[in-house]
Amino acid sequence: MLVAITGTPGVGKSTVSSILRRTYRVIDIHSYAEDHDLFEEFDDDAGSYDVDVEKLNESVMSEDMEGTVFIDGHLSHFIDVDLIIVLRCDPRVIHDRLKARGYDDKKIDENVQTEILDVILYESVESGIPTYEIDCTHLTPEEVASKIISILNGDADGTEPGTVNWSDRMDEWF
């Protein structure tokens, strides 16, 4: 089973994936794209390299994968996975985490707004692939990893798309 762990930068994808990596194979999609020379030109506005997601998907899907494999990264929901798990987090927490990472204000605002508007959740649901969401705001990374394993085991209560709603924060960020 191929499982995407996606979400806005700063929600905790990499931290949770490091826990899952103790038991499962986890592919960091950013490192994978870099290692497989899938970066295209640098986008000055976005402050990152563009990635052709079709080429990325083709490359990942050509890998020999057995058992449960997690794809970690904010582009992972564009891969032909069996299941998508969108990690969510309070926009204020995302703001503080990205600020601590040295993101500029424009990039921080863009990512906070992406979270408030459910952009990654929407893209994931629109793919037609079974999608779940987990609010990580008040959970430890171990608790999030445990919820992910519960979803894989058929216990998805409270993780249906649409359970997280940050719309009451719009006035702060728009």
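Colleague: Hi! What should I know about the model and its numbering before we start?
Modeller: It is predicted, so local features need pLDDT of at least 70 and side-chain atom pairs count only at pLDDT 80 or more, while totals for chains, interfaces and linings use all residues. Residues are numbered from 1 along each chain as its sequence is written, and side-chain values use heavy atoms, leaving out hydrogens and water.

Colleague: Thanks. What is the strand order in the open sheet?
Modeller: The order is S2-S5-S1-S6-S7, five strands with parallel pairing. Strands are DSSP runs of E with at least two residues, helices runs of H or I with at least four, numbered from the N terminus; two strands pair if DSSP finds at least two bridges between them.

Colleague: Which strands stand at the edges?
Modeller: S2 (25-28) and S7 (131-135); each has a single partner strand, so one side of each lacks a neighbour in the sheet.

Colleague: And how many bridges link S2 and S5?
Modeller: Four, in the parallel sense. Ile27 stands opposite Ile71 in S5.

Colleague: Switching to helices, how do H4 and H5 cross?
Modeller: The axes of H4 (residues 91-100) and H5 (residues 105-116) come within 9 Å and cross at roughly 155°. Axes are lines fitted to C-alpha atoms over the stretch in contact, with angles from 0 to 180 degrees between N-to-C directions.

Colleague: Which residues of H4 meet H5?
Modeller: Pro91, Ile94, His95, Leu98 and Lys99. Their partners in H5 include Ile108 and Val112, where contact means heavy atoms within 4.5 Å.
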